[in-house]
Amino acid sequence: ASAPSGQMSLAAIGQCEGSIDATYYFRSNIYHVMGTGMWNDTTKSLMLDLVKNFTMETNYVFSFQVKNPNKTQDAATITLTTNQQLYHECSRNPIPYVNMTNDPTSPCCTCDSGEPGDASPMKIKPRAFCVRRIRQLVEWPCAENELTVTITSTVPLQKGSRIVITNISNAEVTSGNLSLTDGSGGLHDERLFGRYAPAQGEWRLSDYSLTLYTRQDIDCGTMISFKFKVRNPRLAQGCAMVYISSPEAGIDHTLMVSEAIPSCAMYVKMGGLTPTIWESTSSPC
């Protein structure tokens, strides 16, 4: 965790029934401002001066903000110490500190479903597109097909970052600039991309890939949806295994989530004839 050393503001969060907002039970020991503590970025510790009495067997809740580290790591073991002597429950044996209990659940505000233990403090997961969906509109051979991509990154994407979508199998598009259209219901997310002009990506036929260049900084957790058109191959084929990555953001090559047949990316149905015969009259002779 990192934050500037010095006074740190505390904040209220949603309390469970039976708990108390403890924000204004504390103040910093230097500036004496209520609702604050003192952060030491060298020792990664928060010091709080208690200015109101705590009641036994009552939960007191507050929050504060720090910046997560850049790299993946396991949850931290946070310790609590006071200038009053701590004791084991129901004993007179003094102890120097107690380990706090990590939350075993998932955070409420992540773009993926999470897993147990994700809410534990300072657990840092790998960088990812936690939303990475792709679907198609048309499954017939040789037809013009529209693909819709929806993505959300767990880390910020800086201006000029690449997003690379690969293995859009056998899509018939000439290498070069590929126009993007809006898939976000009027928000025009397609304008977030383009190396030389907005609403463009770069198609490379050799590996059936689309490379997007961000035209501005994009905050983490931002859902982006855009569309582009390709032509389906002549022969039938199964759903493509499409991958996405962002080298500048440190997001590795990851399989995208596709919908079921016939809406999965680049699924092409076998072509055929529909035989029809009719007569011009039903009158005898």
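Which side chain meets that of R162 in a salt bridge? I began my notebook with this, keeping in mind that the model is predicted, and I found that the partner is E248, with 2.9 Å from N to O. I then looked up where the two residues sit: R162 lies in strand β14 (residues 162-166) and E248 in the loop between β20 (243-246) and β21 (251-255), so the pair ties together parts that are 86 residues apart in sequence. R162 counts as partly exposed at 29% relative accessibility, and E248 counts as partly exposed at 42%.

Strands β12 (residues 129-136) and β13 (residues 144-153) run antiparallel and are joined by seven bridges, and here I saw I134 opposite V149 in β13.

I also found a salt bridge between the side chains of K229 and E144, at 3.8 Å from N to O. This pair links distant parts of the chain, since K229 is in strand β19 (residues 223-231) and E144 is in strand β13, 85 residues apart.

Last, I looked up D118 in the loop between β11 (98-99) and β12. D118 counts as buried because its relative accessibility is 10%, which is under the 20% cut-off. Its side chain makes a polar contact of 3.0 Å with the side chain of K125, and I noted that E115, D118, K123 and K125 are linked in a network of salt bridges.

Terms used: Residues are numbered from 1 along each chain as its sequence is written. This is a predicted model: local features need pLDDT of at least 70, side-chain atom pairs count only at pLDDT 80 or more; totals for chains, interfaces and linings use all residues. Side-chain values use heavy atoms; hydrogens and water are left out. Two strands pair if DSSP finds at least two bridges between them. Helices (H or I, at least four residues) and strands (E, at least two) are DSSP runs, numbered from the N terminus. Buried means under 20% relative accessible area, exposed over 50%, partly exposed in between (1.4 Å probe, protein chains only). A polar contact is a pair of N or O atoms within 3.5 Å; within protein, one must be able to donate a hydrogen and the other to accept it, and residues adjacent in sequence count only if both atoms are side-chain atoms. A salt bridge is a side-chain nitrogen of Lys or Arg within 4 Å of a carboxyl oxygen of Asp or Glu.
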